[in-house]
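Grab a pencil and work through these exercises with the model open beside you. Try each task before you read its solution.

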Amino acid sequence: MSSPLADEPVEPAGDDAEPLDADEYAEFLDELGDAWEVVDDHHLEAGYEFPDFETALAFTNDVGELAEAEWHHPDISLSWGEVGIELWSHEVGGLTRADFVMAAKMDRLYADADAAE
């Protein structure tokens, strides 16, 4: 079951927004899948595993389409059987609610890809 965050729109932080601190993002992190961790109170990282390169590439393309649709772009690394994601809100130099919403949407994509196998 995916997080309710995946149903929310990705809303950019306002011009005067500040990054979330650990107390503020703890609840959102708890809603994400086990793949995600916060690194240095700055960004989210996740690693997704796949049975082969083709499936990992398909997921990478799905994440790319999601990022374009939501206009919130992660750093993506692709290797045989694995996709790595780094995600943060560049305009605030750290994490915002939008990052956790995007992460939840990526978890949903992963669950859908896993169910299709």
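This is a predicted model: local features need pLDDT of at least 70, side-chain atom pairs count only at pLDDT 80 or more; totals for chains, interfaces and linings use all residues.

Residues are numbered from 1 along each chain as its sequence is written, and side-chain values use heavy atoms, with hydrogens and water left out.

**Exercise 1. Work out the order of the strands in the sheet.**

Step 1: Helices (H or I, at least four residues) and strands (E, at least two) are DSSP runs, numbered from the N terminus. Two strands pair if DSSP finds at least two bridges between them. Strands of a sheet pair through backbone hydrogen bonds, either parallel or antiparallel.

Step 2: Go through the pairs. β1 and β2 run antiparallel and are joined by four bridges. Next, β2 (residues 43-49) pairs with β4 (residues 82-87) over six bridges, again in the antiparallel sense. Finally, five bridges link β3 (residues 75-79) with β4, and these two run antiparallel.

Step 3: You get an open sheet of four strands in the order β1-β2-β4-β3. β1 and β3 are the edge strands, as each pairs on one side only. On average, neighbouring strands are turned by 20 degrees against each other, direction ignored; the axes behind such angles are lines fitted to C-alpha atoms, for helices over the stretch in contact, and angles run from 0 to 180 degrees between N-to-C directions.

**Exercise 2. Find the bridge partners and the positive phi values in the hairpins.**

Step 1: Start with β1 and β2. Glutamate 37 has glutamate 45 in β2 as its bridge partner. This hairpin has three residues between the strands, and aspartate 40 takes a positive phi near 55 degrees.

Step 2: Move to β3 and β4. Aspartate 75 has glutamate 86 in β4 as its bridge partner, and serine 79 stands opposite glutamate 82. Here two residues sit between the strands, and glycine 81 takes a positive phi near 75 degrees.

Step 3: Glycine 47 has glycine 84 as its bridge partner, while tyrosine 48 stands opposite valine 83.

**Exercise 3. Which parts does the pair of tyrosine 25 and phenylalanine 100 tie together?**

Step 1: Know the rule. Rings of Phe, Tyr and Trp (its six-membered ring) pair if their centres lie within 6.5 Å; planes under 30 degrees apart count as stacked, over 60 as edge-to-face and the rest as tilted. The structure holds eight aromatic pairs.

Step 2: Apply the rule. Tyrosine 25 and phenylalanine 100 are stacked, at 6.1 Å centre to centre with 20 degrees between the planes.

Step 3: Locate the residues. Tyrosine 25 is in helix α1 (residues 22-31) and phenylalanine 100 in helix α3 (residues 97-116), so the pair ties together parts that are 75 residues apart in sequence. Tyrosine 25 and phenylalanine 100 are both buried (under 20% relative accessible area; exposed is over 50%, partly exposed in between, with a 1.4 Å probe and protein chains only).

**Exercise 4. Is serine 89 buried or exposed, and what is it in contact with?**

Step 1: Find serine 89 in the loop between β4 and α3.

Step 2: Look at its relative accessible area: at 0%, serine 89 is buried.

Step 3: List the contacts (heavy atoms within 4.5 Å). Leaving aside neighbours within four places in sequence, serine 89 is in contact with His72, Gly94, Thr96 and Asp99.
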